[in-house]
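Please keep the sequence and the structure in view while reading.

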Amino acid sequence: MANLETIVSLAKRRGFVFPGSDVYGGLAGTWDYGPLGTLLKENIKKEWWASMLEPHIYPLDSAIISTKKVWEASGHLEHFSDPLVECKKCKKRFRADHIDGDNCPECKGELGKAREFNMMFKTHAGAVEDESAEAYLRPETAQGIFINFKNVVDAFHPKMPFGIAQIGKAFRNEITPRNFLFRAREFEQMELEYFCDPKNADQYFSDIREMRMKWFLKLGIKEKNIKFYDNTEDERSHYSVATTDILYNYGISDDGFEELEGIANRTDYDLKNHFPGHNWTGEDFLEDKDGFVPYIIEPSLGVDRAFLAFMMDAYDEDEIGGERRVVLRLHPKLAPFKVAVFPLVKNKEEIVGKAKEVFDDLRKKFMCRWDDSGNVGKRYRRQDEIGTPWCVTIDYETLEEGTVTVRDRDTAKQERIKTEDLNSYFQEKLS
Ligand code: GAP
């Protein structure tokens, strides 16, 4: 496992993540995903959807910008704030709960009184900048799901329990964005809102908690680096009666563990607020005649925090044949490229031609990378560092025997495989 600086540096050097607005000196709390980061992020999202899309879970993609009324009803305008203090000397601002002592952490000047700072980004929809045009960038994707609850019910008539799931951007004007992707101002969330009978809410809360932990372990996160943490009453958000966080060992706090995902029992708080006049009995709602407002169980995961956890967990340094190497042991399903194809030499037409053939065939099914620069050892190192699980080399034996070398990233072991078997070989490995 690596520390944060190592990952930041690898991410920039190899094209995973760049600082936002980089050429203009940067904009704190924003990050641009490079080519490899884009692929890794897409794979994380794909695996999340794969774990969510059961017949009774409905996907949604709601608007990022929404009317002020949503945030009045949700309680965000009133509650979604962090305590802020300003240094009287250097005028820098800090989160009051992130500093030790009474003085400015930068210039040791005297700090002013703490006040609440709302973290939502406000804008105006349309050409008139008056109060009626006030709109907000969502600080969580969840509210987009709640306000579409009735639309989904009316269109699909689902039976209880059912869920609505969404992946999308969220924005928070964090006072002190820091620790790379961990605390950003623009980030992405993957959220499921699971609507159920209040009688069964505790059971679903516990099932979803287990389901979410299994997802991380299945995708290769090491057990020693991840754990549950049950929030105390003081730590919970205003809408929650039970919250368990899944913590990951990012190594940035005292004991190293920080929140990766939150799982909350939001009760009927959100639906009651958005549909105050709604008749929750009889035909008006589902097929249930008991007349309850559904409870909501919500697992909410930041894509960027998951990205960081997968990168950190996969990072390793070892020695192969007496040479040090950096290797990203990403789960093959998450790896940006599954296979890299190398012609052994660049100047032998038959070898290059055959390698192109193999590459063109494999890339119909798998994300593949072509590499013909430097010696094969160097190419292996390059692919190890970006997490490519398999490298295929086309050599003289390929021309004579019809076989290629397949080299495994983790063990560095090589085996000869017939070119016509390559497709099924990788298919099997990835299934
Ligand atoms: N809908 C519930 C909700 O938004 P949250 O605990 O505030 O709950 C959920 O956020 C997840 O979103 C967190 O567990 C984290 O993974 C991610 N997240 C929150 N704030 C973030 C930030 N500033 N930067 C990156 N990820 C963030």
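Ala 412 is found in the loop between β21 (403-408) and β22 (414-418). Phi of Ala 412 is near 65 degrees, a positive value in a residue other than glycine. Lys 91 also has a positive phi, near 70 degrees, and sits in the loop between β5 (81-86) and β6 (93-95). With a relative accessible area of 53%, Lys 91 is exposed. The terms for accessibility are these: buried is under 20% relative accessible area, exposed is over 50%, and partly exposed is in between, with a 1.4 Å probe and protein chains only. A further backbone feature is the cis peptide bond that joins Met 160 and Pro 161, with omega of about -10 degrees. Pro 161 belongs to the loop between α6 (149-156) and β10 (162-171).

The model is a predicted one, in which local features need pLDDT of at least 70 and side-chain atom pairs count only at pLDDT 80 or more, while totals for chains, interfaces and linings use all residues. Residues are numbered from 1 along each chain as its sequence is written, and side-chain values use heavy atoms, with hydrogens and water left out.

As a whole, the protein has 13 helices and 22 strands. Its C-alpha atoms fill a box of roughly 75 × 65 × 50 Å along the principal axes. Of the 431 residues, 51% are buried.

Next comes the ligand. Which residues come nearest to it? Of the 21 residues around the ligand, these are Glu 140, Arg 172, Glu 191, Glu 259 and Leu 260; a residue counts as near if one of its heavy atoms lies within 4 Å. An N or O atom in the side chain of Glu 140 is 2.5 Å from a nitrogen atom of the ligand. Glu 191 likewise has a polar side-chain atom 2.5 Å from a ligand nitrogen. From Leu 260, a backbone N or O atom lies 2.8 Å from an oxygen atom of the ligand. The protein covers 91% of the 550 Å² of accessible area that the ligand has on its own, with areas taken from the Shrake-Rupley method with a 1.4 Å probe. Elements that give two or more residues to the shell are β11 (186-196), β14 (257-267) and β15 (295-302). The largest share, five residues, comes from β14.

A salt bridge here is a side-chain nitrogen of Lys or Arg within 4 Å of a carboxyl oxygen of Asp or Glu. Side chains of opposite charge can pair when their charged atoms come close. Between Arg 266 and Glu 298 the N to O distance is 2.9 Å. Arg 266 is buried, at 0% relative accessible area, and Glu 298 is buried as well, at 3%. By this rule the count comes to 44 salt bridges. Another one pairs Glu 174 with Arg 183 at 3.8 Å; Glu 174 is buried at 5% and Arg 183 at 16%.

Asp 316 and Arg 329 form a salt bridge too, at 2.9 Å from N to O. Asp 316 is in strand β16 (residues 315-320), and Arg 329 is in the loop between β17 (323-328) and β18 (339-343), 13 residues apart. Both count as partly exposed, Asp 316 at 25% and Arg 329 at 29%. The two belong to a network of salt bridges that also includes Arg 381 and Asp 384.

Arg 381 and Asp 384 are among the buried residues of helix α11. This helix (residues 376-386) is mostly covered, with eight of its eleven residues buried. At its start, a side-chain oxygen of Asn 375 reaches to within 3.1 Å of the backbone nitrogen of Gly 377. Just after α11, Gly 387 takes a positive phi of about 85 degrees.

Note on methods:
A polar contact is a pair of N or O atoms within 3.5 Å; within protein, one must be able to donate a hydrogen and the other to accept it, and residues adjacent in sequence count only if both atoms are side-chain atoms. Helices (H or I, at least four residues) and strands (E, at least two) are DSSP runs, numbered from the N terminus.
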